[in-house]
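Subject: Structure handover

Hi,

Here is the structure I promised to pass on. My notes follow below it.

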Amino acid sequence: QGSELSGWAMGRWTYEGIDLNHNFADLNTALWDAEDNDLVPHEFPNHYIPIPEYYTFANATVAPETRAVIDWMQRYPFVLSANLHGGELVVTYPFDMTRTYWKAQELTPTPDDGVFRWLATVYATSNLAMASQERRLCHYDDFARLGNIINGANWHTVPGSMNDFSYLHTNCFEITVELSCDKFPHASELPVEWENNRESLLLYMEQVHRGIKGVVRDSDTEQGIANAIISVDGINHDVRT
């Protein structure tokens with residue numbers, strides 16, 4: 001149909017009619033309910049939150065693609081990730097789901113908000129299209145005045161997003177990059193899109209080297225310790241080796 005004639009929903013759903021962008025398990029609600037009841041982290045974890053039983057049933061509305069990605073996440077201890085979308089020029093960061101369930105928009109930061117804002121800013125400030133002083137609005141949101149980054153839930157709530165799932169179920173910090181106003185650029189436009197995003201992608205990957213890293217070892221045997229829980233004072237979200 002061409003990029004100008006395709007609607008925003010074109011290609012969004014799978015053959016089975018599932019929107020992969022909303023298909024991951026909602027772990028946010030369970031965490032926030034536990035926090036409201038003062039159960040975190042002594043009776044309910046603040047990280048590595050288990051997948052609810054209903055989500056694992058054979059008849060659950062979970063796409064095979066989603067199950068495959070979750071299996072991939074569980075097998076490899078990723079710590080940094082980004083997923084690429086189109087239709088806007090902005091970088092969003094978790095949480096993607098509003099804490100007040102009836103609100104369509106609400107600032108809902110994670111305990112690691114400073115890190116997420118940094119990661120989003122690294123991408124946005126090095127993206128040629130986002131950083132351009134001559135850029136036009138894609139639609140009606142002026143993200144440039146926000147530095148081209150926004151908390152996902154403060155833009156529009158997305159229950160079951162991969163970003164929130166990555167953060168709550170694994171060690172992975174993940175952002176969403178809306179990398180072009182045009183969801184379906186023509187082939188002739190792809191080299192420009194690549195140049196707009198090349199440096200951003202490289203700089204983003206380099207951020208994996210920021211922060212604390214190392215090996216947790218047994219003081220007697222010097223052997224590495226698997227699944228050691230690491231807590232940072234003042235951040236109510238632990239990570240594991």
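Among contacts in the protein chain between residues at least 6 apart in sequence, what percentage join residues at least 24 apart? The figure is 74%. Keep in mind that this is a predicted model.

Now the fold. The protein chain holds eight helices and six strands. Their order along the sequence is α-α-α-β-β-α-α-β-α-α-β-α-β-β. The radius of gyration is 19 Å, close to the 18 Å from the globule rule for 241 residues, so the protein chain is as compact as a globular protein of that length. Along the principal axes, the C-alpha atoms fill a box of roughly 60 × 40 × 30 Å.

Next, burial and surface. Of the 241 residues, 38% are buried. The accessible surface is about 14,100 Å². Carbon and sulfur atoms account for 56% of that surface.

On charge, the protein chain carries 15 positive and 34 negative charges. Their mean positions lie 4 Å apart.

Last, the cysteines. There is one disulfide. Cysteine 138 and cysteine 181 form this link, with an S to S distance of 1.9 Å. Cysteine 138 sits in the loop between α5 (128–131) and β3 (149–151), and cysteine 181 in the loop between β4 (173–180) and α8 (190–206), so the pair ties together parts that are 43 residues apart in sequence. The link is left-handed, at -75° about the S-S bond. Cysteine 138 is buried, at 11% relative accessible area. Cysteine 172 is also buried, at 5%.

Best wishes

Key:
Residues are numbered from 1 along each chain as its sequence is written. This is a predicted model: local features need pLDDT of at least 70, side-chain atom pairs count only at pLDDT 80 or more; totals for chains, interfaces and linings use all residues. Side-chain values use heavy atoms; hydrogens and water are left out. Helices (H or I, at least four residues) and strands (E, at least two) are DSSP runs, numbered from the N terminus. The radius of gyration is taken over C-alpha atoms; the globule rule is 2.2 Å times the number of residues to the power 0.38. Buried means under 20% relative accessible area, exposed over 50%, partly exposed in between (1.4 Å probe, protein chains only). Contact means heavy atoms within 4.5 Å. Accessible areas come from the Shrake-Rupley method with a 1.4 Å probe; for residues, only the protein chains shown count as cover. Lys and Arg count as positive and Asp and Glu as negative; His and the chain ends are not counted. The place of a charge is taken as NZ of Lys, CZ of Arg, CG of Asp or CD of Glu. A disulfide is a pair of cysteine sulfur atoms within 2.5 Å.
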